[in-house]
Amino acid sequence: MRFLSSLILPAALLLGGCGETAAAPAAGGGAVIEVRDAFIVEPPEGRDITGGGMHISVQGGPVTLIGASTDAAQNVELHTMSMENDMMQMRKVESFPVTEEAPLVLERGGNHLMLFGVGPIEAGSQIDVILTFTDESGTEMEVVTKAEIVPPAG
């Protein structure tokens with residue numbers, strides 16, 4: 001099941017850019033997932049790998065983020081970032097829980113999306129990112145959000 005942010009929450013279009021919000025009710029009328037401040041970092045010249053983030057909250061019951069995709073990349077993975085033996089370690093994970101008490105924050109230097117095989121994207125533009133969730137019953141749902149392309153950290 002796919003929910004388009006522009007159909008579910010028309011007011012989100014007024015927020016524009018990095019402040020855009022996507023919201024979608026989970027199947028069966030349970031949880032409502034809200035995604036805001038989605039971004040993808042413009043890859044450095046000559047590279048096709050980059051990261052991205054967003055804030056995800058839920059009301060009405062917990063959900064689990066189990067995947068992401070975009071037409072702008074060949075593959076998107078969920079990653080953690082941690083410090084081990086004075087070195088940053090990045091690891092692929094299968095999922096991230098999202099609850100009312102613990103929204104999910106994906107960000108630079110922390111848990112994040114990792115995009116591989118990224119096509120040409122430029123800072124200031126936007127791309128659609130499809131997020132796949134499951135609820136407690138195992139029902140899968142998708143939320144489509146706009147992610148702003150931001151410049152690399154300088």
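Fold, core and pocket of a predicted model

Q: Among contacts in the protein chain between residues at least 6 apart in sequence, what percentage join residues at least 24 apart?
A: A contact here requires heavy atoms within 4.5 Å. Among contacts between residues at least 6 apart in sequence, the share that joins residues at least 24 apart is 61%.

Q: What percentage of the residues of the protein chain count as buried?
A: The cut-off for buried is under 20% relative accessible area. The protein chain exposes about 8,100 Å², and carbon and sulfur atoms supply 52% of that area. Of its 154 residues, the buried share is 42%.

Q: Which residues of the largest nonpolar core touch the most other members?
A: The largest nonpolar core has 31 residues. One of those with the most contacts to other members is Leu131. Leaving aside residues up to four places away in sequence, Leu131 touches residues including Val35, Met54, Ile56, Leu65 and Met141.

Q: Which strand supplies the largest share of the lining of the largest pocket?
A: The largest pocket contains about 190 Å³ of space. Of the 13 residues that line this pocket, Val41, Thr50, Gly51, Gly52 and Arg108 are the closest to its centre. Strand S3 (32–41), strand S4 (49–59) and strand S10 (112–116) each supply at least two lining residues. The largest share, three residues, comes from S4.

Q: How many nonpolar, polar and charged residues are in the lining of the largest pocket?
A: Glycine counts as polar in this classification, and Gly51 and Gly52 are among the lining residues closest to the centre of the largest pocket. By class, the lining has six nonpolar, five polar and two charged residues.

Q: Is Asp37 buried, partly exposed or exposed?
A: Asp37 lies in strand S3. Phi of Asp37 is near 55°, a positive value in a residue other than glycine. Because its relative accessibility is 22%, Asp37 counts as partly exposed.

Q: Is Asp86 buried or exposed?
A: Asp86 sits in the loop between strand S6 (75–84) and strand S7 (87–93). Although Asp86 is not a glycine, its phi is positive, at about 60°. The cut-off for exposed is over 50%. With a relative accessible area of 74%, Asp86 is exposed.

Conventions:
Residues are numbered from 1 along each chain as its sequence is written. This is a predicted model: local features need pLDDT of at least 70, side-chain atom pairs count only at pLDDT 80 or more; totals for chains, interfaces and linings use all residues. Side-chain values use heavy atoms; hydrogens and water are left out. A nonpolar core is a set of buried Ala, Val, Leu, Ile, Met, Phe, Trp, Tyr and Cys residues joined through side-chain atoms within 4.5 Å. Buried means under 20% relative accessible area, exposed over 50%, partly exposed in between (1.4 Å probe, protein chains only). Accessible areas come from the Shrake-Rupley method with a 1.4 Å probe; for residues, only the protein chains shown count as cover. On a 1 Å grid over the protein atoms alone, a cavity is a set of points where a 1.4 Å probe fits but cannot get out, and a pocket is an open set with protein on both sides within 12 Å along at least five of seven lines; lining residues have an atom within 4 Å of a point. Grid points are joined across faces, edges and corners, and a volume is the space filled by probe spheres set on the points. Helices (H or I, at least four residues) and strands (E, at least two) are DSSP runs, numbered from the N terminus.
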